[in-house]
2 protein chains.
Amino acid sequence: MRLAELSERSGVSTATIKYYLRAGLLAAGRQVNTTTAEYDEEHLRRLRLVRAMIQVGGLPVAKVREVMGHVDDESLGRTMRMGAALWALPHVPEPDEDDEYVRAAHREVGELLDKLGWGNAQALVTISPAHRSLVVAVAAFRRLGYDWTSERMLPYAELMHRAAVLDLDFVETQPSEAEKAEVAVIGAVLAEPMLQALRRLAQEEESARRYGFE
Amino acid sequence: MRLAELSERSGVSTATIKYYLRAGLLAAGRQVNTTTAEYDEEHLRRLRLVRAMIQVGGLPVAKVREVMGHVDDESLGRTMRMGAALWALPHVPEPDEDDEYVRAAHREVGELLDKLGWGNAQALVTISPAHRSLVVAVAAFRRLGYDWTSERMLPYAELMHRAAVLDLDFVETQPSEAEKAEVAVIGAVLAEPMLQALRRLAQEEESARRYGFE
């Protein structure tokens, strides 16, 4: 397809597509003559993904380029390819290890992983941004005076593990390794707002069931 | 306690506490003489909550004041008091109802609520920001070419309902209506990053179980 059709089908303006091409977020089309290039379905798919990361995920262009570099890196195995792309997404800053609440949070998160038997997640503790985000979130609860323990997190973690099984089952329906890595990124950018919305809607439903609409 | 102790116990500087007092985010202390005021445990609790909303939740001061106004509104019943505080949190903008993906998303979300039997959530459809956020998230998936149907959302929604039951069970452990409303807000601001972190950690664990660390 020509640039005009790519724009039409993606809903992205031709000027923005040209900008993405120059910024290296989209591979160049096949040049058919000096002024015209031809694009295919893979361009369209990639363009939609880039658009979602920028518009829905709010990522800067340099970050999108970094994430895409990992998605496209065929030298990596599946766990690392999906992980590297996710790890390039924005994360919370390093917690202050001298803070008493951070130390308590580390202890509770360690106990939680033991109780869950998540040996693989244990092995990633020092490098996983998700682990760091969890420690920061737990420390914030404890700083507010809530006794947020491994015991209290356990049922939430079990629910999230069931969600992760659904996530990976969906990833496995994708035909190629590149598409599997793409879907993992899309899941992080788009599924998190969806789960958040579902949880709030479920709270409204459950609250109205328990207390009515006074 | 004096201002200095309030600062010490909350980890918030005296200058920032004075700013929150002027901005109406914190009730004035009991004046013991012309230069000294006395603060109690409720000031400390409120100060920590305000701090979490601003620092962890990234909310502007005007928004925090609005949320707190609902938390403190004793004329509201419990569902409305928690709801009004949550609804004052930032939400996605209104979706474009002329967009074909938004219309399809509305249809799928409607079918989902039917399948779940969430009659109360159905009644809130036109006013709930969570419903709007869900439609926007589903439309974004469909725009990327993923056939994101009510069928596919159903198991996620059931998991989130179980999470909401845990959330409300925790809310019910709080002694007063004001504290119940506060905890609902804290849950929205702090528990969402925690669930997100748990889900990513669960994905890493599950991915390593299935594919190893290649």
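Student: Okay, among contacts in chain A between residues at least 6 apart in sequence, what percentage join residues at least 24 apart?
Tutor: That's 64% for chain A, counting contacts between residues at least 6 apart in sequence. Keep in mind that this is a predicted model.

Student: Got it. How many helices and strands does chain A have?
Tutor: Ten helices and two strands. Going along the sequence, the pattern runs α-α-β-β-α-α-α-α-α-α-α-α.

Student: And is chain A a compact globule or more spread out?
Tutor: More spread out: its radius of gyration is 21 Å, while the globule rule gives 17 Å for 214 residues, so chain A is well over that value. The C-alpha trace spans about 65 × 50 × 30 Å along the principal axes.

Student: What share of the residues in chain A is buried?
Tutor: 43% of the 214 residues.

Student: Switching to the partner chain: how many residues of chain A are in contact with chain B?
Tutor: 66 residues of chain A, and they touch 66 residues of chain B.

Student: Which elements of chain A give two or more residues to that side?
Tutor: Helices H3 (41–55), H5 (78–87), H7 (119–123), H8 (129–143), H9 (150–172) and H10 (177–211) of chain A.

Student: Which one gives the largest share?
Tutor: H10(A), with 22 residues on the side that touches chain B.

Student: Last one: how do the residues on that side divide into nonpolar, polar and charged?
Tutor: On the side of chain A that touches chain B, there are 38 nonpolar residues, 13 polar and 15 charged.

Notes
Residues are numbered from 1 along each chain as its sequence is written. Chains are lettered from A and ligands numbered from 1 in the order in which they are written. This is a predicted model: local features need pLDDT of at least 70, side-chain atom pairs count only at pLDDT 80 or more; totals for chains, interfaces and linings use all residues. Helices (H or I, at least four residues) and strands (E, at least two) are DSSP runs, numbered from the N terminus. The radius of gyration is taken over C-alpha atoms; the globule rule is 2.2 Å times the number of residues to the power 0.38. A residue is buried if 20 or more other C-beta atoms lie within 10 Å of its own, exposed if 12 or fewer, and partly exposed in between; C-beta atoms are placed from the backbone. Two residues are in contact if their C-beta atoms, placed from the backbone, lie within 7 Å. Ala, Val, Leu, Ile, Met, Phe, Trp, Tyr, Cys and Pro count as nonpolar, Asp, Glu, Lys and Arg as charged, and the others, Gly among them, as polar.
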